[in-house]
Amino acid sequence: MKTFIESIYMTCRRSRCIGLSLLCVLLFFSNNSYGESKTGTAVIDISGTWVGAWKTPMMGDQPQEIVYVLKSENGKITGSQRLPFGTDSQIVDGKIVGNRLELTVRMESFGSFQDQVVTGEISGNEIKITPIMPGPPAENNSGTGGASSGNNSPPPGNEGAQGAPPAQGGQSEPVVLHRGVPTPSYRAASVDFKTLPEVSLPAVLALPWNGLAKTPPMGWNSWNKFQTKIDDKTVREIADAMVASGMKDAGYTYIVIDDGWQWKRDDNDILMPNPNFPDMKALADYVHSKGLKLGIYSSPGPRTCGGFEGSYGHEELDAGTWAEWGIDYLKYDWCSASSIWDEKEMQAVYQKMAEALRKTGRPIVYSLCQYGRASVQEWGPSAGGNLWRTTTDISDRWQSMVSNGFSQSDLSPYAGPGKWNDPDMLEIGNGGMTADEYKTHFSLWCMIASPLIAGNDLRNMTDETKEILTNKEVIAVDQDPLGKGGYRLSKDGETEVWIKPLANGDTAVALFNRGTSEAGMSVKWSDIKMSGKLKVRDLWSHRDLAALPDGLTVKVAPHGVVMVRVSK
Ligand code: GLA
């Protein structure tokens with residue numbers, strides 16, 4: 001192409017025609033704006049820091065910062081790449097050909113390195129770059145999530161990607177970069193896991209119950225709304241809002257700081273919070289002064305899903321630090337541990353931290369987060385867990401919520417006081433679903449006896465969101481002391497009836513319509529093994545319903561629910 005342009009250009013120069021001469025000038029400039037020297041090396045200096053906002057469904061649709069620090073020297077480009085997850089990657093080589101940028105990025109995915117070529121297009125003061133997701137290519141990723149997907153990769157595909165390195169590597173949509181100043185990152189440096197000292201695992205035992213979480217834990221977690229953009233001030237304001245909004249009165253207690261609070265280890269190997277959390281003990285004191293409890297997050301691997309320092313090889317030390325701060329809840333997220341151990345070792349890995357927590361003498365609720373792999377429901381309680389994730393990450397979309405929630409029926413026998421199935425945190429109030437869909441979300445989680453961990457910004461909830469999250473009659477079903485997990489009684493096309501036996505002999509019944517048009521639905525009392533003169537309480541409209549002697553017939557809104565409590 002270049003030779004062709006050059007030959008026309010030379011012809012132009014030799015010609016006397018004005019039109020052609022103008023064309024000559026145009027070609028001269030276009031030829032030179034490619035910024036190529038005769039040898040094909042770059043003359044455009046793109047040295048500096050470039051920042052962009054990456055919006056991809058893989059990241060839950062929220063734009064995330066992406067940063068390239070570039071250094072151009074003698075036609076060679078080096079520097080670093082920071083994606084919204086994982087550690088910073090080195091750019092080991094790069095060049096500009098025409099307006100096309102080509103970078104060789106040494107990407108780390110769970111402790112192993114791979115060189116990937118990332119391409120971009122330079123235009124004026126913008127670079128349109130096409131980042132590459134770390135992780136194995138699609139064909140190696142057999143995970144489907146759900147209760148017992150037996151693979152060893154990070155959280156699969158779509159749902160697993162909020163901060164977790166996506167399981168499926170490959171190119172993403174282009175992102176426009178501008179010169180700018182990035183937000184400080186406190187992620188840990190890249191490390192080759194093979195160089196780390198080996199961590200021994202305990203012999204597998206059946207640990208006794210720690211006596212905590214008699215009913216499913218209720219609280220709030222920073223991840224769904226804030227991802228890693230979380231700090232002391234926000235957590236304090238959330239605690240205030242938890243009280244002021246009536247959430248605390250409705251039973252919400254734990255304020256859990258998810259990934260992104262960590263920094264580096266000090267000279268004594270103590271894991272320090274990053275400067276966004278100047279004093280964790282003071283923060284815990286503040287949260288406790290409101291009658292609430294504080295939770296934290298870590299990983300058994302060397303790195304968390306977001307690329308921060310994990311607890312690998314520092315289990316007792318970290319448990320001790322958290323106990324000293326006054327931490328009451330730990331979410332322990334598998335993530336990079338998948339590069340060290342296989343699934344057969346998961347139970348021992350989780351038990352190791354349970355033992356470390358118990359050694360501190362502080363009551364700490366223990367939340368296992370390994371996306372439902374290796375049939376965790378069968379060994380979660382023995383490993384000391386009070387709750388365990390049963391699915392990949394939820395996102396604020398109907399399909400994601402439906403696939404997490406409606407897949408839980410078979411797991412109901414595993415729930416009980418002190419041990420709960422966790423299909424992930426609530427998305428209510430985050431804006432991606434309608435009010436009816438959020439009511440379905442909340443009703444389903446309460447039927448399952450799932451932990452109720454809100455994931456929205458409690459400081460500015462609409463009345464509608466507040467009403468859903470604080471519906472005491474629905475919450476009473478979740479928190480029922482019998483601790484039975486609800487299950488699917490019947491399914492007919494897009495409609496499903498779920499039931500949950502309650503401590504006083506009542507039955508909670510939820511009639512779900514997953515379809516997109518209104519549905520007429522019925523349940524027969526004989527199907528829920530009840531008879532006689534029954535009282536039927538609608539838990540969303542808060543009124544008693546007139547039921548027929550042999551059952552109940554209702555109209556259910558599209559994507560909606562009617563949830564009742566049936567009493568003798
Ligand atoms: C994983 C978990 C999420 C969240 C992120 C943090 O994806 O499943 O709930 O904790 O990691 O990086």
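Biologist: How far apart are the sulfur atoms of Cys305 and Cys335?
Modeller: This is a predicted model, and it holds 1 disulfide. A disulfide is a covalent bond between the sulfur atoms of two cysteines. The cut-off for calling a pair of cysteine sulfur atoms a disulfide is 2.5 Å. Cys305 and Cys335 form such a link, with their sulfur atoms separated by 1.9 Å.

Biologist: How many residues apart in sequence are the parts that Cys305 and Cys335 tie together?
Modeller: Cys305 sits in the loop between β15 (293–298) and α7 (315–325). Cys335 sits in the loop between β16 (329–333) and α8 (346–359), so the pair joins parts whose separation in sequence is 30 residues.

Biologist: Are Cys305 and Cys335 buried or exposed?
Modeller: Buried means under 20% relative accessible area, and exposed means over 50%. By that scale, both Cys305 and Cys335 are buried.

Biologist: Which cysteine has the sulfur nearest to that of Cys369?
Modeller: Cys369 is buried, at a relative accessible area of 1%, and takes part in no disulfide. Its nearest cysteine sulfur is 6.5 Å away and belongs to Cys305.

Biologist: Which residue of β20 is the bridge partner of Trp220?
Modeller: Strand β11 (residues 218–221) has both faces covered, with Met218 and Trp220 buried on one side and Gly219 and Asn221 buried on the other. β11 pairs with strand β20 (residues 452–454) in the parallel sense, over 3 bridges. Within β20, the partner of Trp220 is Ala454.

Biologist: Which residue in β12 stands opposite Asn221?
Modeller: β11 also runs parallel to strand β12 (residues 254–256), and 3 bridges join the two. In β12, the residue opposite Asn221 is Val256.

Biologist: How many charged residues are in the shell around the ligand?
Modeller: The ligand is surrounded by 15 residues, and the closest are Asp258, Asp259, Lys331, Asp333 and Asp393. The shell divides into 7 nonpolar and 2 polar residues, and the number of charged ones is 6.

Biologist: How far is an N or O atom in the side chain of Asp393 from an oxygen atom of the ligand?
Modeller: Several side chains have a polar atom by a ligand oxygen, among them Asp258 at 2.7 Å and Arg389 at 3.2 Å. For Asp393, the distance to an oxygen atom of the ligand is 2.5 Å.

Biologist: What percentage of the ligand's accessible area does the protein cover?
Modeller: On its own, the ligand has 310 Å² of accessible area. The share of this area that the protein covers is 100%.

Technical notes
Residues are numbered from 1 along each chain as its sequence is written. This is a predicted model: local features need pLDDT of at least 70, side-chain atom pairs count only at pLDDT 80 or more; totals for chains, interfaces and linings use all residues. Side-chain values use heavy atoms; hydrogens and water are left out. Helices (H or I, at least four residues) and strands (E, at least two) are DSSP runs, numbered from the N terminus. Buried means under 20% relative accessible area, exposed over 50%, partly exposed in between (1.4 Å probe, protein chains only). Two strands pair if DSSP finds at least two bridges between them. A residue is near a molecule or strand if one of its heavy atoms lies within 4 Å of it. A polar contact is a pair of N or O atoms within 3.5 Å; within protein, one must be able to donate a hydrogen and the other to accept it, and residues adjacent in sequence count only if both atoms are side-chain atoms. Accessible areas come from the Shrake-Rupley method with a 1.4 Å probe; for residues, only the protein chains shown count as cover. Ala, Val, Leu, Ile, Met, Phe, Trp, Tyr, Cys and Pro count as nonpolar, Asp, Glu, Lys and Arg as charged, and the others, Gly among them, as polar.
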